[in-house]
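Me: I would like to go through this model carefully and ask what stands behind each description. Please set each value against its definition as we go.

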Amino acid sequence: MLLQEANKVNSIKEKLKKFDVKSLTLYIGAVLILIIFTVICSINGKDFLTTSNIQNIISQSAVIAVIGIGASLVIITGGIDLSVGSVVGFVGIFAGVLVKAGVPLFATLLICLAVGALVGAINGALVSYGKVPAFIVTLGTMQIVRGLTKVLTDGRPIAGFPESLAKITQTEILGIPVVILYVFALYALVMFTLKKTKFGRRIYAIGGNPNAAKLSGIKVQKIETLTYVIAGIFSVIGGIILLSRLSYADPNAGSSYELDAIAATVIGGIAMSGGKGKIGNTLVGALILGMLKCGLQILNVAVYYQTIITGLVIIVAVYLDKAKERKAE
Amino acid sequence: MEKCILEMSGICKSFFGVQILKDVELQVMPGEVHVLLGENGAGKSTLIKVLSGAYRKEEGCIVLDGEELCCDCPKEIIGKGISVIYQEFNLNPYVSIYENILMGKEIANKGIINTAKSIEFAKKYLDLIGLDVDPCTLVSELSVAQKQMVEIAKAISCDVKLLVLDEPTAAITDKETEKLFEIIRNLKKKGIGIIYISHRMSELFEIGDRCTVLRDGEYVTTVDLDKTDVDELTKLMVGRNVSFERVENNYIDDSTKVLEVKNVDYKDILKDVSIELKKGEILGLSGLVGAGRTELAKCIVGAYKKTNGEVYLNGEKLKGKDVKESIDKGIVYLSEDRKDEGLILIHTLTDNIALPNLEKFGNPVLDINKMVEVSKDYISKLKIKTSSHLAEMKNLSGGNQQKVVIAKWLHSDASVYIFDEPTRGIDVGARDEIYNIMLDLVKNGASILMISSDLVEIQKMCNRIVVLKDGRVTANLQNTDDLTQEKILHYALTGGEQGE
């Protein structure tokens, strides 16, 4: 009898352990921001919580959310990738140049993906085999890719893309903008990969303790490089989504996107020191950033203040996230 | 009688419930070189760390120059005149000698450093110890011996009363050693007390005055070095009335060689090492810290790339390019360093056990339920004390962490297990459990290479013992009843030559 009781208590305890307090804080925060905006907007006689607004927020957050996947993966391995934003800008211009040269759109996009993978491979190889700190390598490639983007067209934007490009994102399925479905599909794929595949487990292991990972038979350098390659590919996907939405390539596109992607990652609670965090929460982080942007726009808050508020949210989010560690000390 | 400069008495210290120091005492006279001697793990470094304030003592009292030290903060203790020179130096390699000597006590006027005076100050102390190098030289450009001298100069410049030298001659040449001894003799004349830690018997007799021997964290005795010899010291270090039962291992199959290591070199750490391991055998690998035991293990599994030599597993040559190959072929290494190499502390028990065995849990999609099942199975089989299979490793005690390391490799079903210090920092109860796991392994046809500094454990568990000294095999001993710990230690200390 007593044993049964004890077992019951244990199983409840186990369930509580599984329960993730950190994620809960994040979700409550996200809902709170949503409520605050709804209330303030309605006081000012404006609508916030409408279907079209919500769809807008998600669509506009799509690029950050997608490149945030790559940024998060790299951060989980204990690295950082500052080049993701520059690749977004490069993709637009490079695709423009190829299309103008008569390359079919589909081939253009494939070439762009390959280039993104190449940038990632260079980053990864220098970080893992070359032992150059990730911050420095990707700071360098970021500048190089940005420079190349401008060199390609002398800094001029490119317009006049084929209709089919816009169709990639600007259609709807069952009334839902297809770009939203892309984002959710990509996140579902990555979340599954991280949780349920060897590759996923290994990138966490590398971030958690590279020595132990190596002695457990993990080819640390190979996996690390591969992660940067994947980050490069996701940046290209982000770039294609942006290009498709605007049908216009601006060489300055994607500026500071790497910082937004990293912000989404840390708001989502992924540890900068690596090895810990949930990739799904990066999406929540990106949506929080999107909500802030959209909500403040509706309220006609000047762009400068938007930046200040975003900065505060990043710090507060991580501060709350670290509550447990502060308590432990 | 002269008053001693340092008197430590009744020092006790434990980690995670394991007592490392029990009622240890140490007395150093002014102008004396006092040797601290003991096997690996006897408590020498712990004692020094308690002295320097890096560890907080639980009981006992430290009196320096008639004044009791009750503070536990390293900075304050340096202020009192105790200076410890570790094997890894505490110098900033990227700045000059004089800046290192004056670190924390810069000569400045209103915050502006007076360079000329600083250099002059440093030069004075460099001259004092006879280091003829420009004080503006970057520390990174100095040799090991020179760095050591800079450390000593730095210590003297702080008005040091007691200087601790931890294995000071481990990495320097004979000639440099002579020079070091000259400096030590000069310091003696100034009345500075010196605690000298070293395993090199010959130099102890050359430089030391008295010697305190520690064994298993306990004070044994203090002897005058001119009234003793190597044999007596070795006996004192081992000393214990050995009360263990040698484990009967009937599972050994003499005709089958499982692992053959042939002529392995690694940098200048291992020299021409060859060993053999038979099926069902537990082979002990003994030697002092720095003898190259861990390096040998890592070369065998391919974590280090050996410079020369071959490793055969069941007659098949291993490429030795990475650890993955060894795991796949069935040879695994359980690191001595659980925290840095064995486990991912921020991950859960289940994740840690699964990590080297991911292939076994489904490809490409992992079966998480199976992972949980397996880890729960090991929790009960190895009696791992944990709140749940999802507990983060950092919340487990040392013994339980070690069991998780073992579980992770048990599940990989290897034929050769290399245990590196499997019971370090683990309490007695858990030790026996780990020994039983090892016996189960050989019973089921595996073979074990056990690296250990604990001679009792080596004698208890092993069929055969290989001793390393300075990267060479100095003995290959059958563990018979007439094998004494003195004999093993003798090979580890002197390499077997008489008279060193």
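Me: Where is B:Asn40 found, and what makes it count as buried or exposed?

Reply: B:Asn40 is found in the loop between β3 (33–37) and α1 (44–52) of chain B, where helices (H or I, at least four residues) and strands (E, at least two) are DSSP runs numbered from the N terminus. A residue is buried if 20 or more other C-beta atoms, placed from the backbone, lie within 10 Å of its own, exposed if 12 or fewer, and partly exposed in between. B:Asn40 has 20 C-beta neighbours inside 10 Å and therefore counts as buried. This is a predicted model, in which local features need pLDDT of at least 70 and side-chain atom pairs count only at pLDDT 80 or more, while totals for chains, interfaces and linings use all residues. Residues are numbered from 1 along each chain as its sequence is written, and chains are lettered from A and ligands numbered from 1 in the order in which they are written.

Me: Which residues does B:Asn40 touch?

Reply: Two residues are in contact if their C-beta atoms, placed from the backbone, lie within 7 Å, and B:Asn40 touches B:Leu288, B:Val289 and B:Ser453, not counting residues up to four places away in sequence.

Me: What makes β13 and β16 of chain B a pair?

Reply: Two strands pair if DSSP finds at least two bridges between them. Five bridges join β13 (residues 253–266) of chain B to β16 (residues 308–313) of chain B, and these strands run antiparallel; B:Lys262 stands opposite B:Glu310 in β16(B).

Me: How many bridges link β16(B) with β17(B)?

Reply: β16(B) pairs with β17 (residues 316–317) of chain B in the antiparallel sense over two bridges, with B:Tyr312 opposite B:Lys317 in β17(B). Their hairpin has two residues between the strands, and B:Asn314 takes a positive phi near 50° there.
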